[in-house]
Amino acid sequence: MTKFEFTDKLLNRHIGPREDHIAEMLRDLDVNSVDELIDKTIPKEIRLKENLNLDVPENEFEFINDLKEIANKNKVFDSYIGMGYYPTITPAVIQRNILENPGWYTQYTPYQAEISQGRLEALLNFQTAIIDLTGLPIANASLLDEGTAAAEAMGMFYSSRKGSKKSANKFFVDKSVFPQTIDILKTRAIPIGIELVIEDFKNIKLDDTYFGLLVQYPNANGEIVDYREFFSEAIANNIFITVSADLLSLAILTPPGEFGADAVVGSTQRFGVPMGYGGPHAAFFSTKEEFKRQIPGRIIGVSVDANGNRALRMALQTREQHIKREKATSNICTAQVLLAIMAGMYAVYHGPDGLRNIAKRIHNLTKLLESALNELGYKQANKNYFDTLEFKIDDQNELATIRKYSEEANINLNYLVEGTIRISVHEKTTLNDLMKIVGIFEKIKNSKINDDTWKVLFDKVELDLPDFLIRKSEFLNHPVFNSYHSETEMLRYIKRLEKKDISLTTSMIPLGSCTMKLNASSEMLGITWPEFSSIHPFAPADQVEGYTELISKLEKQLAVITGLPAISLQPNSGAQGEFTGLMVIRAYQKSIGEGNRNIVLIPSSAHGTNPASAVMAGGKVIVVRCDEKGNIDVDDLKMKAEENKENLSSLMVTYPSTHGVFEESIKEICSIIHANGGLVYMDGANMNAQVGLTSPESIGADVCHLNLHKTFTIPHGGGGPGVGPIAVNQKLADFLPGHSIIDINRKNSIHSVSAAPWGSASILPISYAYIQMMGEAGLRKATEVAILNANYIMAKLKDHYKALYKGVNGFVAHELIFDLREFKHSANVEVEDISKRLADYSFHAPTVSFPVPGTIMVEPTESESKEELDRFCEAMIEIRKEIAEIENGIADKENNLLKNSPHTAATMIDDNWNKPYSRERAAFPLPWVKERKFWLPVGRVDNAYGDRNLVCSCLPISDYEE
């Protein structure tokens, strides 16, 4: 029967090296087979005894048909539910050329500024739009969702308390803030000792015990509230003010920054990003200048390059967790870059007039709907509103009938508050849609509005909000928002930026701890299908049977892969997964009367988000030493576990380690923690070296998080989206996060960690697709080849660079660290010089100075071919020769190929070329570079200048030259 099977399978497309190349690579490693390599790399006692029990893999054609069947089980209704999620029109030029374009979605976080100028400019546009619309001078480059952004504001202001406010621990939340936001605030407040006071703002008396407050604008009911007097009281009491705002409404409403807000947060989903059953969407966060060093997330800033030209970079990096660790003010690592770029481009495409017109049209339709329903006898509760109407319906039978007629017409209204209907109008709403809604109420009242009345109602519609609510200030005046309104110009602008960046469409991105593997096109197809993209996260259960099936199947797949039986897909980043895992441990220990346990042991090699997450979860961090071989010092661990056994909460451990090694003592390490009353949290950053060969359960972990945007092929998107689900053992299952609106709650669920019940649900089909098409054998082979590729690079470069850490048999896991510190002494060459020089060879640099300063960490993944690995190795060997020229006195220690890198096209054609080496050597150091050349748009960026002269919005260069 094999004669009739499909032979073209994803496995064959996903794995880079061909079988004959694998044989050659094994010879270079002096091993006879892949099995021998794995046996010498992974400790025998943690190897899986049986193959993973997964479905037989489907080929791409079969899978797409099956996925369509699942998608068709979702019902796409016209959604007027609102509450932070609204149907929106994604301009086709943005959908096709950004969201569906691997040149954008396969980029990595722009740590290497010189090869990231395109997305940095797109993010600067995003920040500028946020700054202008909210009326505050500083904005970051996106956060995870609106609820998380509000929680980050609370945390930022809590850490900013001074003087008489130092002991203030109350945070006021108006009861009309979105309930999903309030739930996240509860999650975040409890472990760090913040007391939430949730009440009607009209009834609260502010005093010195409060450090901050949060209100919604417009609020969850749809009402635009006059907060001026309330804010004056807050300011008099030195209370920080956060406003959660509807961004689109700010095109016509007075921005919160103009009436007292210290921070404005919210979602940019309405700026052309589909609802997607809850995400991913880019949240925004703007604040005052005084908080620029406390603001969570990343800020894109303007600087200059080595030639004095304007260049962009990520600013104020001293805030990053890998530097501040347990002193970091936030654990935010992954943001929502791809979605922020879409939202920023939406603002670029429409410009200020376009946004204003969209907002006015939505408001006009809402006014018309109110007038029509008033004619039918329904009294609307909101005095001032933007897009949401509220009607009290005392008769439960009438309410049920309205719902019945609405759902028969494929319309979802908002019934989440008992005895109330809310209707949120949106960008996609047409006059015909409005008539359908009115028709439902006409049917209820057995009455019809005649044409003459409609004409009167049409004529009455105008913007008649109170003057203090109507925006007077201009916004989006920069040329970028006023130049690209034809599709031709917009398309060229998008492409111009895309060409400034290295992505996986250019070359290998060998970033250690990042797993930049193939994001197969077939895996990506489903995310823009309306059956997935156009579903509201609070839609009724009978309308989301397709999502329910897919989520259930993915949870089962991940449970099989990890060996841990219970999964939560809610965390929408890896760092969120860390925090969630620790909060689940905390809740469990409290339930068994051990709430005193708060000591978290973390190896010195851990990723910086680990200690930051531990502190956020109420933990006290104690660092465990690593030995000279990079392994956890077991004696030090044992001593610290025993010293703290009465209060030991957990160990956070990455496996294989951040040093790229499968530690032989991992089971002993986990046993020591368990013996002293703690639990083991495994950071899943390196799961790409485990799948199918070992598992978190096999090493003794109680909980782990996974990065679906690493191991399971969700693309990085230039720094997000990400998904960080957690897997837990049976005793922790009842504590997985619940939700305040959709009932996914277990017996003892913690409060939610993301605004939507399943986090970034619309990209879950990508990971499901990968697992379903690879199957058990494919996933196992992917892991084996990832380990093979890393060891092959080590073997090819062994005579040129020292691998800092190896396993007991001399092999590494799926990544490895090269020690470059010797070149500082021998040639005055820094690790940064090598990383910038690699760009001249058209390669993205590996991870620089993490986890060890002065090193690079290389992770090739299984998707890179032997040809590409060889090109990378040739580039590294050639750079070593360039270093040798400096060591031998042939090249100057300051004026050389490395110190002057990267070299731009502009410098290559400069008539004043005065370098002591040829232009060809600078730009085309190896023959194959000519065919594959990536021309950098800027030279080496001056980081210090950018921090001294922080500019994080679009301004003409003349404004900040001084």
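Guide: Accessible areas here come from the Shrake-Rupley method with a 1.4 Å probe. By that method, the accessible surface of this predicted model comes to about 34,200 Å². Carbon and sulfur atoms hold 47% of that surface. Of the 962 residues, 66% count as buried.

Now the setting. The protein has 32 helices and 24 strands. Its radius of gyration is 28 Å, close to the 30 Å from the globule rule for 962 residues, so the protein is as compact as a globular protein of that length. The C-alpha trace spans about 90 × 75 × 70 Å along the principal axes. Take contacts between residues at least 6 apart in sequence: 77% of them join residues at least 24 apart.

Strands of a sheet pair through backbone hydrogen bonds, either parallel or antiparallel. Strand 3 (residues 170–174) pairs with strand 4 in the parallel sense, over 5 bridges. D174 has E199 of strand 4 as its bridge partner.

Last, charge across the whole protein. There are 101 positive and 126 negative side chains. The centres of the two sets lie 2 Å apart.

Terms used. Residues are numbered from 1 along each chain as its sequence is written. This is a predicted model: local features need pLDDT of at least 70, side-chain atom pairs count only at pLDDT 80 or more; totals for chains, interfaces and linings use all residues. Side-chain values use heavy atoms; hydrogens and water are left out. Helices (H or I, at least four residues) and strands (E, at least two) are DSSP runs, numbered from the N terminus. The radius of gyration is taken over C-alpha atoms; the globule rule is 2.2 Å times the number of residues to the power 0.38. Buried means under 20% relative accessible area, exposed over 50%, partly exposed in between (1.4 Å probe, protein chains only). Contact means heavy atoms within 4.5 Å. Lys and Arg count as positive and Asp and Glu as negative; His and the chain ends are not counted. The place of a charge is taken as NZ of Lys, CZ of Arg, CG of Asp or CD of Glu. Two strands pair if DSSP finds at least two bridges between them.
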